[in-house]
Amino acid sequence: MKRSAESDRLIRQYEQDLDNKQLIQDIYAYCTKDWKLRRIMKKHAVSPADIDVIYHKLLRWGNFKKGRRFVPISSFFYVYTLNYLVTHKTEDAKVLTMRCMNFFHI
């Protein structure tokens, strides 16, 4: 519930300012303090720069909101999608986005 609420808060806060660098810092900060997500972050040594690269790849193909989901932000708040994103961060932007969209049934 906390992750979903935080994701929703960030979507509402930044939906009109998607290039704000503070968004990347907020995502990184939350992922490093959440007890499930921080294990993935630590295991793969994820940096804010990695989050930024992945976010912009997802933004390229998934820049739309459906319900309470916005793929470029929501994807960082679920264990499965975060793990997939950080282990496949060199993949093509479309491939990453489509995989996350399939996870969210979009």
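Biologist: At what angle do H4 and H7 pack, and how far apart are their axes?

Modeller: Two packed helices are described by the angle between their axes and the distance between the axes. Here H4 and H7 pack at an angle of about 80°, and their axes are 8 Å apart. Axes are lines fitted to C-alpha atoms, for helices over the stretch in contact, and angles run from 0 to 180 degrees between N-to-C directions. H4 and H7 are therefore roughly perpendicular to each other; angles of 65 to 115 degrees count as such, under 35 as roughly parallel, over 145 as roughly antiparallel and the rest as oblique.

A word on the source: this is a predicted model, in which local features need pLDDT of at least 70 and side-chain atom pairs count only at pLDDT 80 or more, while totals for chains, interfaces and linings use all residues. Residues are numbered from 1 along each chain as its sequence is written, and side-chain values use heavy atoms, with hydrogens and water left out.

Biologist: Which residues of H4 and H7 meet?

Modeller: Lys 57, Leu 58, Arg 60 and Trp 61 of H4 meet Ala 93, Lys 94, Leu 96, Thr 97 and Cys 100 of H7, where contact means heavy atoms within 4.5 Å. By class, this contact of H4 with H7 has 5 nonpolar, 1 polar and 3 charged residues.

Biologist: Which residues of helix H7 are buried?

Modeller: An α-helix has 3.6 residues a turn, so residues three or four places apart point the same way. In H7 (residues 93-103), the buried residues are Ala 93, Leu 96, Thr 97, Cys 100 and Met 101; buried means under 20% relative accessible area, exposed over 50%, partly exposed in between (1.4 Å probe, protein chains only). They cover an arc of only 130° around the axis, which puts them on the same side of H7. Their cover includes helix H4 (48-61), helix H5 (71-74) and helix H6 (79-87).

Biologist: What lies just after H7?

Modeller: His 105 is found there, with a positive phi of about 60°.

Biologist: How do the axes of H1 and H2 cross?

Modeller: The axes of helix H1 (residues 2-14) and H2 come within 11 Å and cross at roughly 175°. H1 and H2 are therefore roughly antiparallel to each other.

Biologist: Is Lys 33 buried or exposed?

Modeller: Lys 33, in helix H2 (residues 21-33), counts as exposed because its relative accessibility is 58%.

How values were computed: Helix = DSSP H or I, 4+ residues; strand = E, 2+ residues; numbered from the N terminus. Arc of directions from axis to C-beta. Nonpolar A, V, L, I, M, F, W, Y, C, P; charged D, E, K, R; others polar.
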